[in-house]
Amino acid sequence: MESIFFFVVAAVAVISGILVVTCKNPINSALSLVMTFFCLATFYVMLDAPFMAVTQVIVYAGAIMVLIVFVIMLLNVKTETVKRGSHAVISGTVIGVFVLFQTCWFLMKGSMTGQVGVMDKAMVVKSGHVELIGKALFTDFLLPFEITSLLLLAAIIGAVILAKKKI
Amino acid sequence: MLALNNYLIVSAILFAIGTVGVLTRRNAIVIFMCVEMMLNAVNLTFIAFSKYLGNIDGQVFVFFVMTVAAAEAAVGLALMIAFYKNRESIDVEDVNLMKL
Amino acid sequence: MFEYVWLIPLFPLIGVVINGLFGKKIKNEMIIGGIASLAVFGSFLVSCGILVQLLGMPGEERHFEKTIFTWIQSGTFKADVGFLIDPLSCVMLMVVTGAGFLIHLYSIGYMHGEEGFYRYFTYLNLFVFSMLLLVTGNNLLLMFVGWEGVGLCSYLLIGYYFHKKSAGDAGKKAFVMNRVGDFGFLLGLFTLFWYMGSTHNVWTINFRELASHADMLPVGGVVTAITLFFFIGATGKSAQIPLYTWLPDAMEGPTPVSALIHAATMVTAGVYMIARMNFIYIKSPTTLLVIACVGAATALFAATIGTAQNDIKRVLAYSTVSQLGYMFLAMGVGAFGAGVFHLMTHAFFKACLFLGSGSVIHAMHHALHHEHSDADPQDMRNMGGLRKKMPITFWTFLIATIAIAGIPGFAGFFSKDEILWQAFSNPHHGEMNIVLWLAGACAAGLTAFYMFRLVFMTFFGKTRLSDKAYHHLHESPFVIVFPLIVLAALSMFGGYLGVPKVLSEFFTGGAFPNYLEHFLDPVFAYSTNFMAHSGHGEGHHSVALEWGLMGGSVLIACGGIAFAWALYIAYPAIPGRIVATFPVLHRAVYNKWYVDEIYDFMIVNPCKAFSNFLWKGFDVVIVDGVVNGVAAVVRGLSGLLRHVQTGLVHNYAFSMALGVVVIVGCYLFR
Amino acid sequence: MSQTLPLLSILTFTPLIGAILLLFVNKNSHGVLRTVAMVVSVLTFVLSLPLISGYNGAGTAPGNIGGFQFIEKVPWIAAGPFQMNYQLGIDGISLWLVILATFIMPIAILSTWTAVEEKVKEYMICLLLLEVGMIGTFVSLDLFLFYIYWEVMLIPMYFIIGIWGGKNKIYAAVKFFIYTMVGSLLMLVALIVLYFKAGGGDFNILRFYDLTLDPASQTWLFLAFALAFAIKVPMFPLHTWLPDAHTEAPTAGSVILAAVLLKMGTYGYVRFAMPLFPDATATFTPLIATLSVIGIVYASLVAMVQADVKKLVAYSSVAHLGFVMLGIFALNTQGITGGMLQMLNHGVSTGALFLIVGFIYERRHTRLITDFGGLAKQMPVFAVMFMIVTFSSIGLPGTNGFVGEFLVLLGAFQSSLRWYAIIATSGVILSAVYMLWMFQRVMFGELKNPKNQVLKDLNAREVIIMLPLLFLIFFMGVYPRPFIDSMAPSIDRLIKQTTKNQVAKIAPAAAAMLAVPAAQAATAAPGAPAEAGAPAATGAPAEAGAAAAPAATAATAAAAAAPHGAEPAPAAHEVK
């Protein structure tokens with residue numbers, strides 16, 4: 001039963017992914033991207049990572065997509081009239097297929113080593129997913145955490161400067 | 001319990017679609033969205049491994065990927081706005097100041 | 001007196017330094033001329049002192065060597081600055097300083113009024129210095145220093161009138177041809193040094209040491225190579241067949257220069273070198289044959305050209321080349337003494353002839369100058385009948401001409417006849433001696449002919465000058481005429497120094513021996529007894545034969561004079577008709593058998609063309625082509641790479657993606 | 001003698017201090033700039049004089065190793081296995097080259113008193129830095145230090161040609177730089193391979209001298225070193241950079257380039273290429289002799305038809321250095337002494353020639369021979385000096401040119417290069433031809449060209465420049481003993497070192513060419529080099545393995561050495 005559900009969500013995700021790429025109007029592609037994010041969120045839930053799903057939805061669907069849609073509206077981007085030259089599209093898809101083929105080849109050859117870490121479904125349920133991530137975030141990954149704050153600061157400054165000044 | 005590979009295959013497909021999107025589309029924002037999609041495909045892989053390896057690090061890493069994505073979104077869009085002001089279009093073809 | 005031998009070259013050197021540095025300021029001609037002449041006179045006095053001291057010593061140890069300092073000392077090679085006094089160098093000293101002094105006096109008068117007066121006397125003194133070094137040097141390298149020094153001075157003096165392009169060219173030609181000779185000399189020196197060193201462990205270039213080890217030298221083989229190389233040097237310097245064309249052109253220089261350098265001293269350097277190294281030359285009969293043939297050929301060849309020249313100095317130049325031919329003929333047949341004797345007598349009468357012609361040109365120049373006509377003062381065709389106007393010059397010129405023609409009683413006869421006799425009677429070259437004698441005799445005849453042609457055309461007959469110019473002709477001043485008289489006297493009595501044996505028995509019953517021969521014997525002792533041992537021995541021809549030949553040569557000389565008299569005095573029309581009947585032959589002879597043109601065509605022009613080709617063809621196109629080609633290839637390659645950077649963003653994205661795929665691919669299918 | 005005062009270091013760095021001093025002088029007070037530079041260079045020359053007095057020929061004084069004197073040794077870089085120490089020392093050969101460098105520099109600076117007007121400060125600094133490079137190269141005993149100075153010397157010369165040069169100065173400067181750089185990069189690789197074959201430790205040359213390498217690697221290393229020095233000499237096929245560099249360089253630049261920089265090549269052969277690889281020297285002697293003889297004849301012929309005086313003089317220096325190379329590869333006392341002397345003579349006479357061309361160029365701003373004619377009447381003093389220098393360049397006895405040339409030809413004639421010597425002797429004629437023809441076209445003939453009729457004769461400054469050179473021309477010509485005697489012991493050491501392996505190989509009966517020749521040594525001589533090359537290397541196959549090894553280590557070492565050495569050589573990417 002669960003696998004059926006998985007396949008449905010996977011199908012939806014893939015289709016909306018293709019839609020993002022193919023449809024003319026950027027708004028449609030933005031919306032289909034949102035749809036992909038939701039499918040991913042469901043996957044996270046299935047992977048016992050509820051907090052990640054929520055964060056995914058908030059950050060990606062909520063913040064980034066809103067920002068993109070806002071920018072689309074701001075620049076009132078018209079539907080794309082001129083398609084990329086056939087030559088470019090073909091080469092693009094060929095590269096895509098290659099990437100896909102190579103990763104699948106890896107998957108076939110590679111094999112998972114099996115349980116390594118201590119975390120499992122029971123623990124997530126018992127102590128809650130947020131506590132686990134919080135503990136990990138503020139102990140092992142304290143330095144990266146601080147650096148990301150710096151990163152965000154830089155991004156903010158960058159965005160302000162870029163958007164404000166008349167280049 | 002689904003096998004790990006299923007998730008990996010899905011993320012591979014999404015990643016491939018993202019790549020195709022980046023390479024073929026002319027609209028800067030759509031390219032930007034495809035990049036986002038590729039990032040998310042990778043997040044999915046992280047979390048899948050995190051679950052099957054029973055190690056929380058994967059998910060923490062996803063956090064960092066998200067922050068990067070957010071920062072990138074901010075700067076990227078600011079760039080597009082600035083570019084739009086400059087060139088009246090965000091078509092990637094016009095970004096050719098370096099053209100010979 | 002021997003101790004002061006180093007004074008001999010030092011005096012002219014002091015003259016050079018004084019005139020060279022302060023000449024421009026002194027400006028007074030008498031002082032400059034005086035300093036120069038005094039310097040040479042000083043050397044002359046010292047040489048006389050040394051000659052007297054040498055005569056006082058017994059025959060055998062008449063040699064003295066004094067080393068001043070070591071010049072180059074590297075490994076086994078040692079060359080030091082040292083002087084060697086022996087009969088041969090004494091004879092040369094007397095000739096060089098004696099004639100040199102007279103010519104210096106003459107130049108004071110002749111060069112009067114020239115703007116580069118001090119420069120002339122500096123070079124003349126430098127020449128005498130180098131010549132003295134050449135003559136008294138005690139080793140081959142010091143002789144070579146003198147050898148090239150005289151070459152340098154002849155370049156400077158020939159090019160004295162440097163504003164004239166022809167003088168510059170003549171100077172350059174003389175120097176380059178001397179340099180070709182020096183090329184041979186150097187190779188000879190290297191071979192000798194290497195051979196003596198490596199096979200006999202005798203590392204020396206000192207003459208006396210070489211002489212003492214002379215018997216180590218094998219007959220023929222390496223020695224032939226050595227002597228041939230040295231002979232090339234001699235031909236270059238003494239203007240023999242292959243390398244003689246520079247001497248006639250050297251007449252561009254002032255006449256006293258021609259007298260000193262191209263008659264008395266420098267050109268005799270080659271003969272001196274052979275005489276100095278007789279112990280080596282005697283060891284290779286082939287080279288002696290070559291020398292004899294070249295000498296005879298040059299004598300005859302130059303005499304033929306001399307007959308058709310119109311420039312007074314050109315005639316004398318070709319006569320010098322021919323007389324040098326005689327000296328080499330003498331050397332070639334092993335009669336070194338006769339060669340040196342002829343060298344001495346030739347120095348006297350040829351210097352007198354040149355100075356005489358100089359005095360004529362000097363007078364003609366003034367006369368034509370008054371008349372403002374630009375006729376060439378040196379061309380005999382516009383001379384004639386000068387004997388009344390310039391009696392002393394005429395008489396001295398006549399005496400010298402008689403001497404050179406070989407009329408008995410005068411210097412030329414004794415020396416030339418001795419050479420012809422030796423050529424005929426020498427045991428060396430088998431039946432070749434007949435040919436050699438014949439060539440010598442013909443050349444003697446021709447010499448007599450063109451010398452008297454010259455005398456008749458300039459001094460006798462009706463003057464071809466305009467009356468006004470003829471009126472202006474007057475005898476040259478005393479300072480010019482005095483050397484003429486002295487030289488004329490020497491050319492008259494100089495001959496009695498070396499009276500041949502047969503004559504002295506006949507006339508004086510042996511009381512009048514051949515002084516010069518005995519004087520030079522110790523120097524050529526080795527080669528005379530080497531010839532005696534090697535089975536040739538003295539040609540024991542009958543005395544009558546010698547008388548016959550002597551008579552024959554006198555007859556030929558008188559015939560030549562008569563023929564000249566007939567052509568230019570009795571029937572002046574005949575030369576014109578002869579020229580008309582044989583135009584081609586005359587033109588060929590007049591143009592020096594086109595030898596200069598042949599040289600240009602065969603050597604000079606191809607060399608220029610080849611070096612042009614080398615430069616433009618090889619250097620610029622190939623070598624630079626390769627260098628610039630490499631640069632072009634690099635530029636081309638980078639041009640191609642540049643196209644990859646299209647500047648379009650998506651191309652970059654595409655190449656990035658491609659890169660990823662390729663790397664992963666490699667990783668996969670490693 | 002190991003005295004307290006590190007004379008060589010002081011000597012090397014005085015010009016550097018001078019250059020730094022110049023930095024503080026105001027840019028446009030040209031007078032002060034020139035006087036400071038002049039004072040510094042004269043000071044350097046004065047400092048170099050004690051070298052002559054202090055240097056005793058036999059080299060037996062304490063504190064000198066292998067015949068080198070004034071030794072200074074200071075550990076400099078110790079990076080892991082590498083141990084480079086700052087080691088200086090001179091022997092008979094490098095002593096006179098240092099003196100030549102310090103002697104020519106004041107003259108060069110004095111000659112640019114009026115020639116260079118713009119950017120005088122940078123010009124003087126470049127000249128002084130050039131002097132540092134030159135002296136450093138001649139005195140350093142540490143192979144690595146030598147390489148650094150070799151590179152340091154290139155840069156100021158590049159600027160001098162590139163900035164103050166003539167019309168297409170950029171082309172000439174770049175060509176000069178890349179030509180020499182390619183050579184020196186090969187040398188760098190060979191230097192490192194040699195270092196590893198000597199098994200690590202320091203770069204001291206003396207250590208490398210008594211290293212016996214197998215003929216295979218010796219050949220390759222010799223070729224690398226030889227190519228670098230051949231470019232600098234310049235040998236026949238690699239000489240085209242010289243005429244360009246000379247015609248474009250300013251007077252002082254080309255005087256120094258001709259007088260000292262060309263000697264780097266020949267010095268390199270004598271100090272490094274030959275003693276380090278004796279067997280390879282023997283095998284390559286015929287090749288190099290052929291190239292040098294071709295160089296002599298070819299350069300003389302090409303010089304004959306040049307229209308530009310400076311190009312003619314440049315080609316003449318190619319010919320003169322052909323003589324030097326022939327002398328050096330004769331491998332006997334006379335040959336090498338002649339070669340060394342010819343180096344000094346060439347420095348003096350060609351330096352003087354370039355000064356003279358500089359004088360007429362400054363007056364007429366043209367170098368074409370056809371523009372001149374009849375200058376002798378207009379400029380008599382100049383004419384006399386030009387004549388003396390021309391005759392020194394032709395090699396007339398009594399001037400310095402003759403002594404060198406004669407010894408070279410004599411040496412070459414005695415060694416196995418007999419036929420080469422005969423052809424080289426013809427160079428004597430050719431040099432007379434092109435020099436005299438040029439001299440005649442410039443000085444003699446009518447004074448037709450109006451511009452020539454106005455020319456002034458040499459002023460006091462120019463005469464002062466020429467006097468020391470003329471004095472040297474005659475002094476070295478008449479009394480070369482002091483130069484020859486001080487070189488003799490070092491040259492004997494060089495011959496012993498360069499022919500040491502051949503002695504071991506040939507049967508003892510035919511003693512080495514050096515020893516007083518036994519009965520048929522001369523005939524054996526031509527055989528010796530052939531035998532030396534022929535007999536299979538003593539190296540067993542193991543050596544072959546070693547030969548392969550250096551290729552690998554060379555690559556890694558080159559990378560490792562580059563950052564350590566901190567020398568300005570750019571990354572060793574091949575330009576080809």
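**A guided tour of the predicted model**

Begin with chain D, where an open sheet of 3 strands has the order 1-2-3, with mixed pairing; helices (H or I, at least four residues) and strands (E, at least two) are DSSP runs numbered from the N terminus, and two strands pair if DSSP finds at least two bridges between them. Strand 1 (69-79) and strand 3 (201-202) of chain D are at the edges, each with a single partner strand, so one side of each has no neighbour in the sheet. Select strand 2 (residues 82-90) of chain D next: it pairs with strand 1 of chain D in the antiparallel sense over 8 bridges. Within strand 2 of chain D, D:Leu88 is the bridge partner of D:Glu72.

This is a predicted model, in which local features need pLDDT of at least 70 and side-chain atom pairs count only at pLDDT 80 or more, while totals for chains, interfaces and linings use all residues. Residues are numbered from 1 along each chain as its sequence is written, and chains are lettered from A and ligands numbered from 1 in the order in which they are written.

**Where chains C and D meet**

Now display chains C and D together: 41 residues of chain C are in contact (C-beta atoms, placed from the backbone, within 7 Å) with 47 residues of chain D. On the chain C side, strand 1 (64-74), helix 5 (140-158), helix 6 (165-200) and helix 26 (595-642) each give two or more residues. Helix 6 of chain C gives the most, with 15 residues.

**The nonpolar cores**

Select C:Phe127, C:Leu329, C:Ala351, D:Ile104, D:Phe225 and D:Leu326, which touch the most other members of the largest nonpolar core, a set of 432 residues. Such a core consists of buried Ala, Val, Leu, Ile, Met, Phe, Trp, Tyr and Cys residues joined through C-beta atoms within 7 Å; buried denotes 20 or more other C-beta atoms within 10 Å of a residue's own, again placed from the backbone. Helix 15 (residues 336-370) of chain C supplies the largest share of this core, 20 residues. A second, separate core of 73 residues includes A:Ala53, A:Leu75, B:Met33 and B:Ala41.

**Chains A and B**

Finally, select chains A and B, which share the most contacts of the 4 pairs of chains in contact.

Note on methods
Contact = placed C-beta atoms within 7 Å. Buried ≥ 20, exposed ≤ 12 C-beta atoms within 10 Å, placed from the backbone.
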